[in-house]
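Please consult the sequence and the structure shown here while reading.

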Amino acid sequence: LVLVFGIILGRMLGPAEYGMVGMLTVFTLIGNSLQESGFRAALANVKHIRHEDYNAVFWCSLGIGVCAYLVLFFCAPLIARFYHEPALIPLARYCFLAIPIASLGTAQGAYLFRNLKVRQQALSGIIAHILSGCLGITLAYHGFSYWGIATQSLTYLIVVTVCSWYFSPWRPTFQIDFRPLKPLFAFSSKLLITNIANQLNNNLLSVILGKYFNPQAVGNYNQANKWNATGHQFITGMMGSVAQPVLASISDDRERSLRVFRKILRFCAFLAFPAMFGLSIVTHELILLTVGEKWTGSIPLMQLLCVGGAFVPLNTLFSSLIISQGKSDIYMGNIIAQVVLQLLTTKSKSLTTRPASFPPYRSRGMCRGLERIARHRRPAPRHFPHENPHSRRMLFPRHEACPCRNPARMHRLPVKKEIDVKRLFIASQAEYLS
């Protein structure tokens, strides 16, 4: 459903329309992380849960969601000034309504998640995608441009929240008591910081592209990221909805937990790697056949993102294992390290020059950071083909990157202008795994 509606909207709208909404995505996601505050995972780890726990989470989430919306409502002019887009002021105030709407379904969603109501969650998503997709296409057809995309997102959240209330037997009461949050907060507070850092990590490029370039650049990146997410979320959503509750229920039995985790890991890798690598190979044909030539700028971005997307389901599975063991501090440290690494990678003098020189935006530029890292990692991992000097020459075309070359023969060796993206990614992942 996401694929079908995405193709239709991609043909009706252009990169600039998607970019207008994409520049606001990071603020909406951070607001949703604040109102959720890690309570969903915290409630799943509680051994003996009570009505008071759900009730405290519901009212706390609703209060935080309303406060976050009010803050962002008055910050909308500052956001528009940051991006130099005055049209973002009304659009931001409209898109940020997603935060209080989502807070109404946090406790009900936690109930369905804890009790493994996978069928009900899937049915809620299907209904929400159909209704929101039809509404978004109708508005885009009548010329509402990016307002159709924003309305589609809000409609999806409204339908999911209503379905969560319908499928969940739990109901809040007005006997408000926040004392049950105290034992939960020690665990959920680390997840809150982690989720915020994760949203910054996933949407940092949208902010930078919107700040230094134009909405079209953001739209191309978001289109590529959407197709990549559609691929790996099919596997991640199937596995992530059951992994943490199952692992948490058997966390006391270490041997059994290890067997279950290995079985899920093998199944996840068996699906993820062929699917995402295959999607990366057919990206050019897929974009041209589905959304058209106006999205050709997203092709090199999608090819790189799909290679990294193959590891997202595995990362999600390992994160579920860590959280199910109650070690949210390890998960938090990992995500914060990713944010710091990405900030260092995206720091470039070419930000204020031209879009083609922005490293994360061009496929050649995205490899520069990895190439610099690879140059300093002289020792090769065991049992990997690039121990061979000829294969090293394919990975590292420059003289200083390959110590196995003879400097006296450098004038006779052809220097490649483009680095092989797929080989570099495979080499870097092999070094990491070794």
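## Aromatic pairs

The structure is a predicted model. Its aromatic pairs number 16. In one of them, the ring centres of Phe58 and Trp165 lie 5.9 Å apart and the ring planes meet at 75 degrees, so the pair is edge-to-face; planes over 60 degrees apart count as such. Phe58 is buried, because its relative accessible area is 4% and the limit for a buried residue is under 20%. Trp165, by contrast, has a relative accessible area of 25% and is therefore partly exposed.

A further edge-to-face pair is formed by Phe82 and Tyr83, with 5.0 Å from centre to centre and 75 degrees between the planes. Phe82 is partly exposed, at a relative accessible area of 33%, whereas Tyr83 is buried, at 3%.

## An aromatic cluster and charges over rings

Phe58 and Trp165 also take part in one aromatic cluster, together with Tyr54, Trp59, Tyr111, Trp170 and Phe174.

Lys211 is placed over the face of Phe82, 4.7 Å from the centre of the ring. At the ring of Phe113, the charged end of Arg40 sits over the ring, at 4.3 Å from its centre.

## A nonpolar surface patch

Which residues make the nonpolar surface patch? Leu1, Leu123, Ile126, Ile127, Ile130 and Leu131 form this patch, whose area is about 460 Å². Among them, Leu131 is located in helix 8 (residues 118-141). The relative accessible area of Leu131 is 45%, so this residue is partly exposed; a residue of a patch needs over 30%.

## Helix 15

Helix 15 (residues 312-324) has 13 residues. At 1.5 Å a residue, the helix should span 18 Å, and the C-alpha atoms at its ends are 18 Å apart, which agrees. The expected span is 1.5 Å times one less than the number of residues.

Several residues of helix 15 are buried: Pro313, Leu314, Leu317, Ser319, Ser320, Ile323 and Ser324. After the helix comes Gly326, which has a positive phi near 80 degrees.

Definitions and conventions: Residues numbered from 1 in each chain as written. Predicted model: local features only at pLDDT ≥ 70, side-chain atom pairs only at ≥ 80, totals over all residues. Heavy atoms only, no water. Patch = residues over 30% accessible without salt bridge, like charges linked within 9 Å, V, L, I, M, F, W, Y side chains within 5 Å. Areas by Shrake-Rupley, 256 points an atom, 1.4 Å probe, with all protein chains shown as cover. Salt bridge = Lys/Arg side-chain N within 4 Å of Asp/Glu carboxyl O. Helix = DSSP H or I, 4+ residues; strand = E, 2+ residues; numbered from the N terminus. Buried < 20%, exposed > 50% of the residue type's maximum accessible area, 1.4 Å probe, protein only. Phe/Tyr/Trp six-rings, centres within 6.5 Å; stacked < 30°, edge-to-face > 60°. Lys NZ or Arg CZ within 6 Å of the ring centre and 35° of its normal.
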